[in-house]
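Good morning, and thank you for joining this group meeting. Please look at the structure with me for a few minutes.

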Amino acid sequence: MAERGKEKVPIEGAELIEKYITELGPIPERLHRNFRLIRDLDERSAQLQAQVDEMCRQQMEALHGKAGQAKRARHSPEDQALSKSIQAMQQQIINMAEEKMHIAAQVYDMVDLHIRNLDEDLTKFASDIDEEQREAGLMDGETACFRLGIDLGLPQAAQQQQQQPAAAAAAAAQQQGEQR
């Protein structure tokens, strides 16, 4: 039951549904946007990784070609510039991976929050229904329609499920009456 002022007011089913339509409506768009960002980061990092691989291949070819030359020649300004470029690109790839992880964590937290809220509201709603059933004098699993003899056109198995708790409760009440 929701509390309004000092009185407890049951959460109405239609009110609960309207709340979730309003709250959950924008989620698919937000998820789509976040997953698109992750995909874009994946594509950009794959392109950078391909460039890094090519630069490393070039550097290795240049170093192998210099095998007969003095060791100092391997550390030429061109080699050092290429190494710095490779390191900078690798750092960009790492930054993109961290950004993807951050976006994924945000998506997880958003979905988890909505699931927890839904679970909490459903628990409250079920509690409200149970309380209303007790106030109406209905047994567990018994519906007002069954009690009033209204046929909902349910399959026979569903009708039997409703009858079982009511029949068991009636038998228990009769047995207690006989014992007195």
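Let me begin with a question: is D130 buried, exposed or partly exposed? The model before us is a predicted one, and in it D130 has a relative accessibility of 37%. That value lies between the limits of 20% and 50%, so D130 counts as partly exposed. This residue sits in helix α4.

For K100 the relative accessible area is 18%. Because buried means under 20%, K100 is classed as buried. Which residues does K100 touch, once its neighbours within four places in sequence are set aside? They are I38, L41, D42 and S45.

I turn now to the surface. There, a nonpolar patch is formed by L148, I150 and L152, and together these residues have about 330 Å² of accessible area. L148 belongs to helix α5, residues 144-148. With a relative accessible area of 66%, L148 is exposed, since the cut-off for that class is over 50%.

Finally, a word on confidence. The mean pLDDT of the protein is 79, and 71% of the residues reach at least 70. Helix α2, residues 27-65, has the highest confidence, at 92, whereas strand β1, residues 2-4, has the lowest, with a mean of 46. Across residues 1-6 the pLDDT is below 50, and this stretch has 14 contacts in the model beyond near neighbours in sequence.

Note on methods:
Residues numbered from 1 in each chain as written. Predicted model: local features only at pLDDT ≥ 70, side-chain atom pairs only at ≥ 80, totals over all residues. Heavy atoms only, no water. Buried < 20%, exposed > 50% of the residue type's maximum accessible area, 1.4 Å probe, protein only. Contact = heavy atoms within 4.5 Å. pLDDT = per-residue confidence, 0-100. Helix = DSSP H or I, 4+ residues; strand = E, 2+ residues; numbered from the N terminus. Patch = residues over 30% accessible without salt bridge, like charges linked within 9 Å, V, L, I, M, F, W, Y side chains within 5 Å. Areas by Shrake-Rupley, 256 points an atom, 1.4 Å probe, with all protein chains shown as cover. Salt bridge = Lys/Arg side-chain N within 4 Å of Asp/Glu carboxyl O.
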